Amino acid sequence: MPRDARQQARDRLSALAPAPGDDATPARRLEQDASLVGRLMAAAGEQNVQGRKPGPSPEDVGAALSLFDDMREQLDRLETHVVIEARRRGMDWRQIAALQGLNSSQAASQRYQRLMTRLEEIRQGVR
C-alpha cells in the first residue's frame, strides 16, 4: 500500500469516535508498548548523536525485547478481528488482499488462516 494511502487510512480512522477510556484493551496495550519501545530507541539515538553516556542500559533494552512477543500476539488478534469485520461487512477476499498489499484473494485467505492457527496455538500453550 503506498504511503499516501496509509496516511489517508490514518486520517479516516482518526475521524472515528474517540476510543473508550479502557486502558486494558489489546489495541491500547499494543499502542503503549510500541510507544515505550519508541522511547527507548529515541533515547538510544540521542545518546549516539550527542555522545552522552549512560543512555539506555542493557536491562532497558532487554525490557523492550521482552515486549515483542505480546505485541506480536496483540497485533495478530487485531488483524484477525479486522478481517472478520471486513468479511462481516461484505468485503470479499480480493478486496481484503488489495488493502493488505497482497497479490491475491488466496494469499489473504491463507494469511488469515495462519493468523488463526497461530492464535489457537498460543491459546493452547503450544507456542
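Start at T80: setting aside its neighbours within four places in sequence, T80 is in contact with Y112, L115, M116 and L119, where contact means heavy atoms within 4.5 Å. T80 sits in helix α3, and with a relative accessible area of 4% T80 is buried. Buried here means under 20% relative accessible area, exposed means over 50%, and partly exposed is in between, using a 1.4 Å probe and protein chains only.

Before going further, a word on what you're looking at. This is a predicted model, in which local features need pLDDT of at least 70 and side-chain atom pairs count only at pLDDT 80 or more, while totals for chains, interfaces and linings use all residues. Residues are numbered from 1 along each chain as its sequence is written, and side-chain values use heavy atoms, with hydrogens and water left out.

Now step back to the whole chain. The protein chain has 5 helices and 0 strands, so the element order from the N terminus is simply α-α-α-α-α. Helices (H or I, at least four residues) and strands (E, at least two) are DSSP runs, numbered from the N terminus. Of the 127 residues in the protein chain, 17% are buried. Among contacts in the protein chain with a separation of 6 or more, 46% are between residues 24 or more positions apart.

Back to α3 and its partners. Two packed helices are described by the angle between their axes and the distance between the axes. For α3 and α5, the axes come within 10 Å and cross at roughly 130°, which makes α3 oblique to α5. The axes are lines fitted to C-alpha atoms, for helices over the stretch in contact, and the angles run from 0 to 180 degrees between N-to-C directions. As for the angle words, under 35 degrees counts as roughly parallel, over 145 as roughly antiparallel, 65 to 115 as roughly perpendicular, and the rest as oblique. The α3 and α5 crossing is left-handed; that is the name if the near helix is turned anticlockwise from the far one by less than a right angle, with right-handed for clockwise.

Who meets whom here? From α3 come E73, D76, R77, E79, T80, V83 and I84, and they meet R111, Y112, L115, M116, R118, L119 and I122 in α5. Sorted by class, the contact of α3 with α5 has 7 nonpolar, 1 polar and 6 charged residues. For that sorting, Ala, Val, Leu, Ile, Met, Phe, Trp, Tyr, Cys and Pro count as nonpolar, Asp, Glu, Lys and Arg as charged, and the others, Gly among them, as polar. E73 is worth a look: this α3 residue is buried, with a relative accessible area of 18%. Beyond its neighbours within four places in sequence, E73 is in contact with L119 and I122.

Next comes α4. The axes of α3 and α4 come within 10 Å and cross at roughly 140°, making α3 oblique to α4 as well. This time the crossing is right-handed. E79, V83, A86 and R87 in α3 meet W93, I96 and Q100 in α4, a contact that divides into 4 nonpolar, 1 polar and 2 charged residues.

On the α4 side, W93, R94, I96, A97 and Q100 make the contact, and on the α5 side S105, A108, S109, R111 and Y112 do. By class, those residues are 5 nonpolar, 3 polar and 2 charged.

The largest nonpolar core has 7 residues, namely V83, A86, W93, I96, A97, A108 and Y112. A nonpolar core is a set of buried Ala, Val, Leu, Ile, Met, Phe, Trp, Tyr and Cys residues joined through side-chain atoms within 4.5 Å. The elements giving two or more residues to this core are α3 (58-88), α4 (93-100) and α5 (105-124), and α4 supplies the largest share, 3 residues. V83, leaving aside its neighbours within four places in sequence, is in contact with W93, I96, Q100 and Y112.

A second, separate core of 5 residues includes L30, V37, A64 and M71. L67 lies in helix α3 and counts as partly exposed at 23% relative accessibility. L67 and L30 are 37 residues apart in sequence and 9.3 Å apart in space, C-alpha to C-alpha.
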